[in-house]
Structure formats: structure tokens, C-alpha cells
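Reader: I am new to this structure, and I would like to learn how to read its charged pairs and its pockets. Could you take me through them step by step?

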Amino acid sequence: MKITSIRAVQVNLPPRAPSEKARRPAWQQTAEVANPMSRYSHVKRHRSLWTNTGWGRVFCQVTLEDGTWGLGSTMHGKPVAAIIDDHLAPQLVGQDGFAIERLADMMFRLTKFYGSTGLASYAISAVDLALWDAKGKALGQPVTSLIGGLQKERMFCYSTGNDIDWYQELGFRAHKLACPYGPADGLDGLQRNVEMVAKVREQVGDDCELMLDCWMAFDVDYTVRLAEALRPYKLKWIEECLIPEDFDAHAELRARLPWQTLSTGEHWYTHIPFQYALRHNLVDILQPDIEWVGGLSACIKIAHAAEAAGKAVMLHAGARTPYGQHFSAAMAAVPWIEYFIGEDPGVPLEEGAWLPGMPVAVDGWLEVSDAPGFGLGIEDSWIEPFRT
């Protein structure tokens with residue numbers, strides 16, 4: 001089934017009003033979160049002060065010769081749309097749209113002369129996900145069936161965010177906190193991190209799991225000191241403590257914290273860094289983002305390598321996209337799925353889901369859609385070119 005069109009598009013979802021009034025603003029609207037720029041006071045207060053580029057979300061639409069189309073989505077719309085439209089599309093149109101392994105390898109190699117990581121990886125992800133969606137729709141099968149079928153009937157979800165009382169009410173039994181302070185805040189910040197974790201541990205009790213997301217904010221020494229201070233609170237893992245490219249630091253951290261479960265990977269691009277991490281035993285849990293790392297094809301490679309090495313894979317924000325849901329339900333290396341919650345407390349999860357028809361967690365568990373492709377509830381009339 002040949003590809004007749006590949007283009008960057010935007011999807012104009014119909015506006016929706018919540019049926020329930022929010023109890024308070026969600027944590028992410030105002031909370032300080034430790035990050036790589038925390039050392040610079042003018043942008044320290046909130047990540048949006050330096051991450052808000054205005055590039056927006058972008059979709060890729062792939063159309064096959066029988067008229068079937070599929071959609072894949074990613075971030076950083078303006079530059080990513082240019083890569084899709086100006087480079088990848090002209091090379092892939094006319095190819096067999098079902099030969100996705102071939103197409104993934106082509107995109108990996110096509111982008112070598114300007115780098116297959118970073119923005120190119122976002123573009124590759126969108127195209128790859130659109131190809132899988134189109135193939136599933138053309139064959140009348142959910143993507144889970146195309147990659148081996150359901151390995152698990154339902155998935156255990158952990159919440160990510162700092163509105164823990166709301167997540168408990170929703171039925172979640174495992175929670176990942178966003179760490180507010182880092183090295184720039186000195187000993188006082190370290191102590192306040194400990195106090196926050198201690199308070200949440202007391203709130204949820206010992207029969208809930210707790211994790212801590214550090215979002216590339218720390219160095220090795222700070223991570224070790226914080227981990228030692230948090231040891232009484234039994235964190236299941238500490239996540240993404242270090243600058244992602246510094247593999248020597250990851251090796252040093254692994255050596256200095258042999259007892260602490262470590263996770264990272266959302267800002268690694270292509271399958272190559274994950275292979276290195278597995279070979280050198282840098283971390284215990286790999287966390288690619290399916291919309292950033294190279295799409296479903298790259299995630300399958302990572303999952304199979306991780307399973308062979310006895311490591312786990314838990315996608316970054318995997319439960320908040322249909323792509324992550326299908327992958328996670330099918331792969332044996334995936335024990336849990338992350339459910340990021342940025343909506344205001346009191347607003348039902350189904351009203352915060354950003355794609356129509358996407359399943360949401362119920363009492364902390366998730367079942368994947370069995371609709372063809374990724375089950376996207378998007379109508380053709382909502383789609384228009386990203387660039388005019």
C-alpha cells in the first residue's frame with residue numbers, strides 16, 4: 001500500500017467546557033520545579049519562563065493510496081513541520097506505507113547530515129506514529145494487534161503531579177512528585193525537598209509507592225546527598241536527575257547509589273542512548289517519550305533490548321497519548337504507565353483528555369482502545385495544513 005501524501009497538519013479540536021467547577025488551580029500552573037535553568041534567577045520561578053517557544057503541537061498526516069489516513073503527533077511545531085514537509089515527505093511518498101521498519105530506518109539515516117536527535121527525532125516520531133495509525137486503520141486492526149497483541153488486559157497507572165489529595169480521590173495508588181528545589185537552593189532547598197516528600201509519605205501511608213522527578217536539575221553530588229536524606233521515605237525511584245547527555249555522570253551516580261532505583265530517558269533521542277545505558281548498566285528504568293524518541297518503531301527496539309537485559313520501560317507520560325497506551329499494553333517490558341495530571345483538581349479526567357475517545361484511568365487502572373489504528377477520535381474536518 002503506497003504512500004500518496006505526508007504533510008504536517010494542525011488539528012482544531014472542538015472547544016469543551018468542564019462539567020465540574022475546579023476546586024483550585026492545578027499544581028503546574030504555579031509550582032516551582034527544579035530544572036536545568038534554576039541557576040538563573042530571572043527564569044527560576046517557573047519553567048514556562050524559558051520553555052514557552054510558541055512553536056505549539058504538530059500532527060503528521062500520512063495518506064495511503066486507498067485513501068486511508070493516519071495521524072501522529074509531537075511537539076515543537078514550527079521547526080518540526082518544516083522537517084516533515086520539506087525533507088521527510090518528499091523522500092517517503094511513493095514508498096510502501098506498510099514497510100514501517102524500512103521507513104523508520106530511512107528516516108534515521110536521512111537526517112544524519114543535520115542530526116537525527118533533537119528536533120529531527122520529534123519529526124520522525126510524528127511520521128512513524130502516523131504510519132502505524134494508517135496501517136492499523138487500513139487493516140481494520142488496533143495497533144496493539146500489529147505489534148503482538150495485548151500482553152496485559154489493563155495497565156496499572158501512577159500519577160505524576162503534586163495535587164496528591166486529588167489523585168488519591170481518583171484512586172491512584174502510586175504517585176510521582178515534581179521536585180521543587182535543586183543545587184541553586186543550597187541546603188535550605190535540600191531540606192525543603194525532604195520535608196515535602198516526608199509530608200506526602202505521611203499523607204499516603206506505606207501502602208502507596210512514591211517517586212521523585214528531578215527533571216535534569218541536579219549534579220551527581222546533590223543527587224547523592226538528596227537520595228541519602230530521602231532514604232527513610234522509601235522512594236521507588238528517583239528520575240532524570242542529571243543532564244541527559246552526560247553519560248559519565250550517569251555512570252558515577254550508579255556507582256555511588258547502588259541501592260537506589262534510578263530512571264531516565266525522556267530526553268534521549270533515537271534508540272542508541274538506551275542501548276548504551278543498558279550495556280553499561282546506568283539505570284534501572286528506561287523512560288523514552290514515544291512522541292519524541294522516534295515513535296513506536298524506536299520504542300519497540302528499546303523495549304525488546306530492555307527485556308533482554310532485565311530492565312523495565314515506562315514511557316514518559318505514556319498514558320496521556322493513545323500511542324503510549326497501545327505500546328505499553330503490548331510490551332512485556334512495561335510494568336506500569338505514567339499518568340501525568342495537569343488539569344485542575346475537581347475536573348474529571350475524561351474532560352481533561354486532549355484527544356476525543358482516548359481512554360482514561362479508572363481507579364488507577366487503564367484499558368486500551370480496540371478501535372482500528374490508535375483509535376483516534378479525530379474527524380477529517382478538524383484537520384488543516386500546519387503551514388500555509
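Author: What follows is a conversation about salt bridges and then about a pocket, and it rests on a predicted model.

Reader: How should I think about a salt bridge, and how many salt bridges does a search of the whole structure find?

Author: The general idea is that side chains of opposite charge can pair when their charged atoms come close. In this structure, a search of the whole model finds 20 salt bridges. One of them joins Arg24 to Asp163, with the closest N and O atoms 3.3 Å apart. Arg24 sits in the loop between strand 1 and helix 1, while Asp163 sits in the loop between strand 4 and helix 7, so the pair ties together parts that are 139 residues apart in sequence.

Reader: Are Arg24 and Asp163 buried or exposed, and which residues are linked with them in a network of salt bridges?

Author: Arg24 is partly exposed, at a relative accessible area of 31%, whereas Asp163 is buried, at 6%. The network of salt bridges links Arg24, Asp163 and Asp165.

Reader: Where does Arg173 lie, and where does Asp207 lie?

Author: These two side chains, Arg173 and Asp207, meet in a salt bridge with an N to O distance of 2.8 Å. Arg173 lies in the loop between helix 7 and strand 5, and Asp207 in the loop between helix 8 and strand 6, so this pair ties together parts that are 34 residues apart in sequence. Arg173 counts as partly exposed, with 40% relative accessibility, and Asp207 counts as exposed, with 57%.

Reader: What are the closest N and O atoms of Glu338 and Lys176 like in distance, and are the two residues buried or exposed?

Author: Glu338 forms a salt bridge with Lys176, in which the closest N and O atoms are 2.9 Å apart. This pair links distant parts of the chain, since Glu338 belongs to strand 11 and Lys176 to strand 5, 162 residues apart. Both Glu338 and Lys176 are buried.

Reader: How do I read a pocket, and which residues are the closest to the centre of the largest pocket?

Author: In general, rolling a probe the size of a water molecule over the atoms shows where empty space is left. Here the largest pocket holds about 1600 Å³ of space. It is lined by 46 residues, of which Arg47, Met75, Trp215, Trp292 and His316 are the closest to its centre.

Reader: Which element gives the most to the lining of the largest pocket, and how do the lining residues divide?

Author: Helix 2 gives the most, with three residues. The lining of the largest pocket divides into 21 nonpolar, 15 polar and ten charged residues.

How values were computed: Residues numbered from 1 in each chain as written. Predicted model: local features only at pLDDT ≥ 70, side-chain atom pairs only at ≥ 80, totals over all residues. Heavy atoms only, no water. Salt bridge = Lys/Arg side-chain N within 4 Å of Asp/Glu carboxyl O. Helix = DSSP H or I, 4+ residues; strand = E, 2+ residues; numbered from the N terminus. Buried < 20%, exposed > 50% of the residue type's maximum accessible area, 1.4 Å probe, protein only. 1 Å grid on protein atoms, 1.4 Å probe; cavity = no way out; pocket = protein on both sides within 12 Å on 5 of 7 lines; lining within 4 Å. Points joined across faces, edges and corners; volume = space filled by probe spheres on them. Nonpolar A, V, L, I, M, F, W, Y, C, P; charged D, E, K, R; others polar.
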